[in-house]
Amino acid sequence: MRQEIVAREHEIEPVPGLPERLPAGEVMLWQGKPDAQMVARRLLKSRWIGGYFLILAAWAGASGLYDGQTAGGILFSIAVLIALAAVLLGLVELFAWAVARTTLYTITSERVVLRFGVALSLTLNLPFNRVSAVSVRRLGGKAGTIAIQLPSGHRLSWLIQWPHVRGWRFAEPEPALICLPDAEKVGDVLALAIAQYRSRHSEHPRLAMSRPASGISGVAVAAE
């Protein structure tokens, strides 16, 4: 498999999620995709959007009563806000569904591959020798998002990667496997794959452990 970080030419995939067949000796360890409902709620904040419009509707009703508007006028204002909320939330859910449908993450014995793109389909090919660290942000239960830190000189555009990128890391964007229902298991698979990769490619391998931040569980960090 070629070593480009970003690839676009995979309209016809020889293997689902991969732009090319795996080389001899490389093994696929895991494949998966984001959960659409989790993308809508956790990433696109659909609940916050719904709550915002509920507050607006309550405010419209209260202000209408205070201003002495007719019941019909108050109900019309509330109905307009509810209709706008329904349209917006519908678009959010549709986009979340499209993200889940067009995304496929792959972990092999040599790399992580992210295939994604609702409008423009792209592939991020991240060999383990370009991975500095990985971390898991828990989203409740076993669900979470796995972020992949790259070394200096291998930064990718935050906009190109969104929403498959760790939030609020604009200066040093980190590709991410977002909204995975089994993030704990995937994190273990990835940590073990990196450790084994380092063992095969280093005479004196060592494995460091990242310290978990708030809401982030520690995952093995490969180091040489």
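This talk goes through one predicted model, from the overall fold down to a few residues.

First, the ground rules. Residues are numbered from 1 along each chain as its sequence is written, and side-chain values use heavy atoms, with hydrogens and water left out. Because this is a predicted model, local features need pLDDT of at least 70 and side-chain atom pairs count only at pLDDT 80 or more, while totals for chains, interfaces and linings use all residues.

The chain has five helices and eleven strands; these are DSSP runs, helices being H or I with at least four residues and strands E with at least two, numbered from the N terminus. Of its 224 residues, 43% count as buried, meaning under 20% relative accessible area with a 1.4 Å probe, protein chains only.

Now the helix pair. Helix 2 (residues 46-66) and helix 3 (residues 71-102) pack at an angle of about 175°, their axes 9 Å apart. Axes are lines fitted to C-alpha atoms, for helices over the stretch in contact, and angles run from 0 to 180 degrees between N-to-C directions. The two helices are therefore roughly antiparallel, a label for angles over 145 degrees. Residues of helix 2 that meet helix 3 include I49, F53 and L56; on the helix 3 side, I78, L81 and L84 are among them. Contact here means heavy atoms within 4.5 Å.

Next, helix 1 (residues 36-43). Its buried residues are M38, V39 and A40. They pack against helix 2, helix 3, strand 6 (133-140), strand 7 (143-149) and strand 8 (176-180). At the start of helix 1, a side-chain oxygen of D35 comes to within 3.3 Å of the backbone nitrogen of Q37. Just after the helix, K45 has a positive phi of about 60°.

What about the core? The largest nonpolar core has 40 residues. Such a core is a set of buried Ala, Val, Leu, Ile, Met, Phe, Trp, Tyr and Cys residues joined through side-chain atoms within 4.5 Å. V112, L114 and F128 are among those with the most contacts inside it. Leaving aside neighbours within four places in sequence, L114 touches residues including L104, L122, H164 and L177.

Key:
Angles under 35 degrees count as roughly parallel, over 145 as roughly antiparallel, 65 to 115 as roughly perpendicular and the rest as oblique. Buried means under 20% relative accessible area, exposed over 50%, partly exposed in between (1.4 Å probe, protein chains only). A polar contact is a pair of N or O atoms within 3.5 Å; within protein, one must be able to donate a hydrogen and the other to accept it, and residues adjacent in sequence count only if both atoms are side-chain atoms.
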